[in-house]
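Please look through the sequence and the model shown here before reading on. The paragraphs that follow take up the contacts between chains and then the chain itself.

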Amino acid sequence: MKPPLLGVDYYPEHWPADRWATDARMMHAAGLSVVRIGEFAWAKMEPTEGRYDWRWLDEALEALAAEGLQVVLGTPTSTPPAWLIQKHPDILPVDAQGRRRNFGSRRHYCSNNATYHEYTRRIVTALAHRYGNHPAVIGWQLDNEFGCHDTARCYCENCAAAFRVWLKDKYSSLDALNAAWGAVFWSQSYTDWAQISPPNLTVTEANSSHVLDWYRFSSDSVVAYAQIQISILRQLAPDRFITTNFMGPFPDLDYYQLSAPLDFIAWNSYPTGYAEVTGPTLYMPDEPRPKLAYDVGDPYVTGFCHDLMRGLKDGLPYWVMEQQAGSINWANTNPGIRPGTVRLWTWHDLAAGADTVVYFRWRACLYAQEQYHSGLLRHDAAPDLGYREVLRMKDEQPLMRSIQGARVQVDVAILADYDDLWALDLQPHNHVIAYWRHLFAYHRALVRAGVPTDVVSKQADLSRYKLVIAPSLLLADDVWAARLTAYVKAGGTLVLGVRSGFKTPSNLVTDQPLPGPFRELVGATVEAWHSLPPGVTYPLTDHKHQMLTAAIWAEGLSTQSAQPLMFYTGGPLEGQAAVTVKVVGQGRAVYAGVWPDEAVLNSLISWLLPQAGVQPLALLPEGVLVSRRGSFVFLFNFTDAPATAWLNVTSAVDAFTGQSIERAAAIAARDVRVLSLGADSR
Amino acid sequence: MKPPLLGVDYYPEHWPADRWATDARMMHAAGLSVVRIGEFAWAKMEPTEGRYDWRWLDEALEALAAEGLQVVLGTPTSTPPAWLIQKHPDILPVDAQGRRRNFGSRRHYCSNNATYHEYTRRIVTALAHRYGNHPAVIGWQLDNEFGCHDTARCYCENCAAAFRVWLKDKYSSLDALNAAWGAVFWSQSYTDWAQISPPNLTVTEANSSHVLDWYRFSSDSVVAYAQIQISILRQLAPDRFITTNFMGPFPDLDYYQLSAPLDFIAWNSYPTGYAEVTGPTLYMPDEPRPKLAYDVGDPYVTGFCHDLMRGLKDGLPYWVMEQQAGSINWANTNPGIRPGTVRLWTWHDLAAGADTVVYFRWRACLYAQEQYHSGLLRHDAAPDLGYREVLRMKDEQPLMRSIQGARVQVDVAILADYDDLWALDLQPHNHVIAYWRHLFAYHRALVRAGVPTDVVSKQADLSRYKLVIAPSLLLADDVWAARLTAYVKAGGTLVLGVRSGFKTPSNLVTDQPLPGPFRELVGATVEAWHSLPPGVTYPLTDHKHQMLTAAIWAEGLSTQSAQPLMFYTGGPLEGQAAVTVKVVGQGRAVYAGVWPDEAVLNSLISWLLPQAGVQPLALLPEGVLVSRRGSFVFLFNFTDAPATAWLNVTSAVDAFTGQSIERAAAIAARDVRVLSLGADSR
Amino acid sequence: MKPPLLGVDYYPEHWPADRWATDARMMHAAGLSVVRIGEFAWAKMEPTEGRYDWRWLDEALEALAAEGLQVVLGTPTSTPPAWLIQKHPDILPVDAQGRRRNFGSRRHYCSNNATYHEYTRRIVTALAHRYGNHPAVIGWQLDNEFGCHDTARCYCENCAAAFRVWLKDKYSSLDALNAAWGAVFWSQSYTDWAQISPPNLTVTEANSSHVLDWYRFSSDSVVAYAQIQISILRQLAPDRFITTNFMGPFPDLDYYQLSAPLDFIAWNSYPTGYAEVTGPTLYMPDEPRPKLAYDVGDPYVTGFCHDLMRGLKDGLPYWVMEQQAGSINWANTNPGIRPGTVRLWTWHDLAAGADTVVYFRWRACLYAQEQYHSGLLRHDAAPDLGYREVLRMKDEQPLMRSIQGARVQVDVAILADYDDLWALDLQPHNHVIAYWRHLFAYHRALVRAGVPTDVVSKQADLSRYKLVIAPSLLLADDVWAARLTAYVKAGGTLVLGVRSGFKTPSNLVTDQPLPGPFRELVGATVEAWHSLPPGVTYPLTDHKHQMLTAAIWAEGLSTQSAQPLMFYTGGPLEGQAAVTVKVVGQGRAVYAGVWPDEAVLNSLISWLLPQAGVQPLALLPEGVLVSRRGSFVFLFNFTDAPATAWLNVTSAVDAFTGQSIERAAAIAARDVRVLSLGADSR
């Protein structure tokens, strides 16, 4: 059975009960078929301890079901009610400054609090008992945005104690811990587990291995907390799906672990918010931004999020659980949208691998924290632009449905890993270097080259990819080297970026020449690494004798069994290789020893793609994106002007009009084209 | 009896007693007639608990009185002494980060501390007993700069408890509170009053209604604290005036409520400090600043402060209790002044409605926090420039005295309200939007157009104004709409700015189309509001087909019974009105649906003034200001070069020279001209 | 006996014992002769309370001694071990925000903690007992980088109590304290010693005298803590030297007092780190930076540090205890070095007065906080560039040794004082003014003019200098005036900068005309001082009728017995003198009443040098420095291109080649020339 297609996030508790039927009717009228409810309504469900009030929720479900709407029910644990906090104030989390946070917003709980675990079990059990088999309820969302608002890491005494238990489990002995952390440095050696604290409020920076383990522990704590809920729901709601809503490149949790026990993942896409808030963390500080329509967000950012989210469960179709559908309230300027924007986003979601798109939120709220957040309806209940956009897409739903379930077709993968992220960002060495920035640079260059790209766990099955890029495989050992060597030998093309293999998985620097365990695979050795200050560059030349420059980070390589692909033509690394390639079995291993700017990436990619047998889907102008899902190719124009893409596919017809497509496909401003590929298409 | 004209702030306790007579003689010699003393001298008045030492104060008063100087006596409650804090450390306030502040500067008390209330009663009673009928003491200043240094809001346990009492008084029931706050959102519903805390240290932003009530409560607490002192003084010093010193656009207290029980208000004017510190909060971040003499401050800022302060008590003459008279010590560069600067400021004070100007401070202090603050005398007791300036004004005092008591003549008012300020600044939506910025934009445009403007409470009597501008009447209901409608019907011209009527007085968003209760009055409806990111503008045209642009914030209006005055000629709101006007009764209601930049304001004002029958006093170059008080018109040149203003008044003579004035009046750099209007002047 | 020449900082505890012999052999092979060890190894020396483990240290010493290496042993007190903190958590310091810091990095102790004093005595005694007479141990380093990471000032209850004792010692009575602090201001008078706290967390700025005494007390506390260790070592290691490592222009401790009981000082030189982190505090915010090779740091900054450090003990040869020898890990970009850089730094150290240069660190560490800090060896034990550079210098060691012990030859001194620094930086009045900036401006101008310059305590013997500059002699009295007058009368040339004599040594502003006690000496009076905002300058003319401008700070002087050297030709100080000179006895007293920019400084210096009989050593292009030590002159080129200096010395030969030197001496990029002066050289 196909999943629902379009839906909306709804808060019946915010509106009079006599309004619900009207709302449900309007949802149905717009072609919406699924509604998420309940995720913040604990105080409505259990107004005082142990006294449950299900009437309102029964009625709300009834009102929705009456219009044929399916429901995703949220567990309300991101908002423990006032009576619970009053009784057990130690549930409140403590921040890195040592301050106990107050009640009065959301996510005010510590994931390691045993009392809270117990109350979590009670409310989830009660909810699942009542609605686990409700015919309208098709699945469950756990909590809401785990880790948001700096809550992934709590510094309370409970957490300190749990951290010690976690460390004992991991290391068994203090000797092992002291060795793993290099605790002999600065006399940090521990002689009693009780001496170990969270790594906050130290006089100067804490031990990076201490912090890394703290990050791992904190992430594990949230994963374990989620599992409490999952176990109950699996038992009491046996045929329903379980998911939760992720937040793109959120760095504080190991999303691969958090997503593992779920049926599929869902994420929250706020393109203008991500462009304003996340964009500056993905682009280099002084990097010029692409020229885009101001209201669509930044599709390179949104697209990177989609590809990262899709990779959490290896390409499985997912949901967008909260799709921006108007202006939001939490960024700097929160621009409004234009006609076409919501449709563009919706198609982008589908093309990127989403099966279901749920708009946030039904109606703009009259009170509290989100008064300035748009809904499909305005505050006065009149249809806002979002609602009109959804209505407009009604005719397109059959086409959308024909896309559901298909896999996104991708030949290239970028490898991601949260241990690598944490270890790198803890010690970036050069203050503009950051893990996501590194991945985003490669990703954006590929996307601009018309090459759809996955972002997947470094544990993923790589055999399906022609080209694999591992920009920052910082923590590695011989097992990793063997795995990647096998991939290359079997014909894959692998790119390792700067600092690859610099450390062991337990965060010790390798005592071998760099790139440590990958040395044999790449056939070259890093003789020196230079962090470059602003304005300093080293000249490079590439395989076409094109003049390029290395900035930010430059490694000088000696080649043993590799060939240079780029080398330094001046500066202190003159004559050394900057990028090398080695043929290994049926494949190639490339080591890219420079921080990649646009020119270096364009050179590298133009060499890599034909070598790896990767064919771009299209030649694209700035702001235009292409992707392929199942037998459909999608072209998106995120600019304010008409644009043309040169397609590399044949035998395609426009899925809206049935007209056959020329090589030069025109796309209107802020528009999408969907191309249906024939059986003989290539 | 006329109030004193010029005075000085004096700290006899900072100098040897044998110096006092010399100081008093020099004050008298310079033409000063009033002295403020005592406001920080608690430790001198009551060196240990219950042991009062009045001798020094008796003698200081005697020394001043001997030279005919009148005295304003300050209650010393902004500086509780060390012995009191040692005995009752819970008097110390707690900041929003939860930190108890230390003794060692000033304002280190919590307004809700019952112990402090008791000690306040004791010292004020003792002081009033002794000096309430002292012949030299003409009036009292309460405390000093209520709320300064972030002390309006204290987050201690006492305040939390008092907040709960205040909420109970306001809402009676938790159901009412939960409804008013929309507490159902994120399960914030309270089931016990004790669950409610101050809204600090929440995990993410707190509920805006919770915060707004906290701001109101905090302001009320300070007002109630002041009332403790007022009640005592009214009884024990029955014929003396009571005032306190305000701080211009200080946003943390409801100045209308704080000023209500006073006889008149006083404020502290530090033009270079306000220019350096407050200026950036009033201009837009990227707005070019006017070219002014560097030492005079910014007269648009100083003038806005004067007009705001004068409006606290509806135009009643006021005092400048601390007038900068040299360089200050608390801004970034603290520039020194030049000859003429202090005179310019003094005349500006008088022209703006002050009856009395008191210079801060008599002599530069040798120690502690204000060592780098100038006085009229230097550290070495030699006359500094300030003293020489005051001497120079001695001849001008008769003219100054003839101005005292008169009302400032104004045809235009801008409405201000602290509830609106708090509610808007809590959720500005676009991070460069701020309440005072919005008011200042309108105010400065009018001032530059030669139109003196009041800033008054939205509760003020509007019938005296031809034109009323309400830039941000955010919180409104039908009562407000009726009031303003009556004003318009009676012939007034009203301008409502963006977001008018967006919320109810209890901070819920209206569920009616915008501008909510003003819809009928303006005859138009806001169909969409767009926050615009940097660099994005929408093209507009005005009634003269002049091309303008909307930036920052743009609302698209449909007109019902109004006419468009400006409309969008492109962008997503193309074809919709941006500014509308509707004739209502004898008047006109204008809705300005754009954030006003300079060009939009000039267009709007040039249309409004003749419609409203407002005649500018003069045509002015940048840096030149005009105002009218009683039968005098004042022209100020705050630039470094001579300037000319084109006057719209006739039959005026120069009050210094007696020469009649031409239309083109020349004003020397850093100078003032005072024009006396004849009986037939217009 | 000559001190060792080159050495390295080594952490045997970071590496397997079976590696130590190899390391020692490689050290010896590179020509290193001294090794610092032990300063962070408390947990290795005393793994649990009272159980000492000396075996590893015995063996490490043995391994080093076997290669003839001498050892400096560090007391490990900057890193109290976990077991000690667990037992006595009150040892942990409290920061100015009131937060107790955690274990997990270094310097986590309060200098006033009596328990920590006891444990310090125990470990130092134990260490000294065992190694005080060890033949390989030639001396001791106390602790490590006293005060680093904001640890000079602790705000715990112990410190508060100790502060009160310190105040009682200083003032005897509260009356005296209240008078000295001007506590009558804002009712700050104390009636009980217990009322006095550290000056943190006050509502607004604290009393500057309170803060100044707190700074003095905190510095004294660290000095007293160091003395605990010194007393033990003097007794138990009677023939060994004692030193500690200083940090250049570190502002939180009185380095003159800290260095007094030491045999000589040592400091840590990280040129790229100082350029990135300290540079912005020494240059004006908008000042253009010199064009230098990017990897050498900023020699004007490094040189200022050297001259300041050399002055701590009046020119006595010193050690560089940690000399950067690769990339560091604690600045923004941490650039790598090039061939020649380490040699350049080493020669710069020697030319500046160092006898011994110890490189930090032997081998890059595999774990913990310094994983990205280079060593002479790479992580994989291969020689890094640093090691190769040291090897290259082996042939130059004989020449280096012939320089050891000699004094640096200097004719000019700049006076420095930590009381002045603290008092000025507490109340800079203009936010770009800072004490080190003021000294650095004068220093750099002299260095660029080819005039080597000392930075010495204002208590130093001035008779050896032809020219003495006191940029900020803020705190002064008649004793100081008499001392400087005697210097001038005896033929010295003295320059006093802005704000000289503004305050008494107890931080009260003088009640005399400025420059207070120096008035008679300079023969001029400051009539006004103006802080100038950005963009405002006053025109000046100098003795050659050259047009200059005053910015930032301008004082207007009337001359009594002085002559103007520069005066204002416009602005509010027009006609007043800006810089004056008075002949006094055999010398001259100059008062420089302007903040000195480059043009003003060049004018002033070009006038001063011939008057004072100071001959520049050479005429230098930007980035080239000259100095003289004993009978050698050194020329350094810190740029990327060859440069030429015009020498003012005769009869010199190149100490490397023996060739005689022309006036125009060429220096290769990133290179040094050493010139040996003949007996008849001048």
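Predicted model: local features only at pLDDT ≥ 70, side-chain atom pairs only at ≥ 80, totals over all residues.

Which side chain of chain C does Glu527(A) meet in a salt bridge? The partner is Arg378(C), with a distance of 3.2 Å from N to O, where a salt bridge is a side-chain nitrogen of Lys or Arg within 4 Å of a carboxyl oxygen of Asp or Glu. In general, side chains of opposite charge can pair when their charged atoms come close.

Residues are numbered from 1 along each chain as its sequence is written, chains are lettered from A and ligands numbered from 1 in the order in which they are written, and side-chain values use heavy atoms, with hydrogens and water left out.

The salt bridge described above belongs to the interface of chain A and chain C, for which the count is one salt bridge. The count of residue pairs in polar contact between these chains is 24, both residues being at pLDDT 80 or more; a polar contact is a pair of N or O atoms within 3.5 Å, and within protein one must be able to donate a hydrogen and the other to accept it, while residues adjacent in sequence count only if both atoms are side-chain atoms. Strand 14 (residues 524-531) of chain A gives five residues, the largest share of the side of chain A that touches chain C; helices (H or I, at least four residues) and strands (E, at least two) are DSSP runs, numbered from the N terminus.

In this interface, 52 residues of chain A are in contact with 52 residues of chain C, contact meaning heavy atoms within 4.5 Å. Together the two chains bury about 4,400 Å², with 57% of it on carbon and sulfur atoms; buried area is the accessible area (1.4 Å probe) that two parts lose on being put together, summed over both. Phe185(A), Trp186(A) and Val203(A) supply 19% of the area that chain A buries against chain C, more than any other three residues.

Turning to chain B, we find that 52 residues of chain A are in contact with 52 residues of chain B, and that the area buried between them is about 4,400 Å². On the chain A side, Thr333(A), Gln369(A) and Tyr372(A) lose the most area to chain B, together 18% of what that side buries. Here Arg378(A) forms a salt bridge with Glu527(B), the closest N and O atoms being 3.2 Å apart.

How are chain A and chain B related? A rotation of 120° with 0.0 Å of shift along its axis superposes chain A on chain B (RMSD 0.0 Å), by least squares on the C-alpha atoms of residues with pLDDT of at least 70 in both. That is the relation of a three-fold axis.

Within chain A, the secondary structure comes to 19 helices and 27 strands. The radius of gyration of chain A, taken over C-alpha atoms, is 26 Å, close to the 26 Å that the globule rule (2.2 Å times the number of residues to the power 0.38) gives for 682 residues, so chain A is as compact as a globular protein of that length. Inside this chain, Glu145(A) and Arg106(A) meet through their side chains in a salt bridge (3.7 Å, N to O). Glu145(A) lies in the loop between strand 4 (137-141) and helix 6 (157-171), and Arg106(A) in the loop between helix 4 (82-87) and helix 5 (114-131), so the pair ties together parts that are 39 residues apart in sequence.
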